[in-house]
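Thanks for coming, everyone. Please have a look at the model on the screen before I start.

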Amino acid sequence: MIKILIVEDEIPINNLIEMNLTEAGYDCTCAFDGISACDIIEKERFDLVLLDIMLPGANGYEVLDYIKPYNMPVIFLTAKGTTEDKVKGLRLGADDYLTKPFEIVELLARVESILRRAGKTQTEIEVDDITIDTRSRSVRRGSREIQLTMKEYELLLLFVRNKNIALFRETLYENVWGSDFMGDSRTVDLHVQRLRKKLHWEDKIKAIYKVGYRLEV
């Protein structure tokens, strides 16, 4: 299982990130100050570190410097959102930089992107009675493969990686069809309906009135 260290001193934010990453299938460890983070890293290796900058004990820049010899990817999570701050973080060795406040959907997408770049993505994802093989882009229930179109597969992956989170139709447009998508909500609704039927997930992919959809598992 992919292991992620969350270093964030604001307890509600730390807990929210941990909850969503755990639901997405990641193994999370939490630290609430820079010194504790360094102590944890000394004893354990992680596939990714989510690192706040304004931390007690040792700030994010200092923790990043400590992490470098261990060759672990780092995403900065911070309220310091100026261009100068971003450039500084990236030049010091961070792999990405996400400014607070951020949407959980965006965080999950960036986590996935960094892990993929590092060659550490999960190859199989299990949700309920469904198994998704991301290498072969196949979906099965037990030993039986379920035939999905490319768009249905991408929708499923988006739902699974954002379990129990309401996804706006605009989010579905951008992530599955692209920002230049010229269709309308009926296109998304049709694909969701077909996906529900093929997976027998009529009671799991819930429509949210005037918003979009949510996978409830």
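I'll go through a hairpin, a sheet, a helix pair and some salt bridges.

First, the ground rules. This is a predicted model: local features need pLDDT of at least 70, side-chain atom pairs count only at pLDDT 80 or more, and totals for chains, interfaces and linings use all residues. Numbering starts from 1 along each chain as its sequence is written, and side-chain values use heavy atoms, without hydrogens or water. Helices (H or I, at least four residues) and strands (E, at least two) are DSSP runs, numbered from the N terminus.

Strand β6 covers residues 124–127. I125 and V127 point to one face and are buried; buried means under 20% relative accessible area, exposed over 50%, partly exposed in between, with a 1.4 Å probe and protein chains only. β6 runs antiparallel to β7, residues 130–133, with four bridges joining them; strands pair if DSSP finds at least two bridges between them. I125 sits opposite I132. Two residues separate the strands, and D128 takes a positive phi near 55°.

Now the sheet. Its order is β10-β12-β11, open and antiparallel. β10 and β11 stand at the edges with a single partner strand each, so one side of each has no neighbour in the sheet. Two bridges join β10 to β12, and F168 stands opposite G212.

Next, the helices. α7 (169–177) and α8 (185–199) pack at about 75°, axes 10 Å apart. Axes are lines fitted to C-alpha atoms, for helices over the stretch in contact, and angles run from 0 to 180 degrees between N-to-C directions. The contact (heavy atoms within 4.5 Å) involves residues including L172 and W177 of α7 and V188 and H191 of α8.

Last, salt bridges. How many are there in the whole structure? The search finds 16. Each is a side-chain nitrogen of Lys or Arg within 4 Å of a carboxyl oxygen of Asp or Glu. Look at E152, which is buried at 1% relative accessible area. R194 forms a salt bridge with E152, at 3.2 Å. K198 meets E152 too, at 2.8 Å, N to O. K198 lies in α8 and E152 in α6, so this pair ties together parts 46 residues apart in sequence. R194 is partly exposed, at 42%, and K198 is partly exposed, at 25%. Elsewhere, E8, D52 and K100 are linked in a network of salt bridges.
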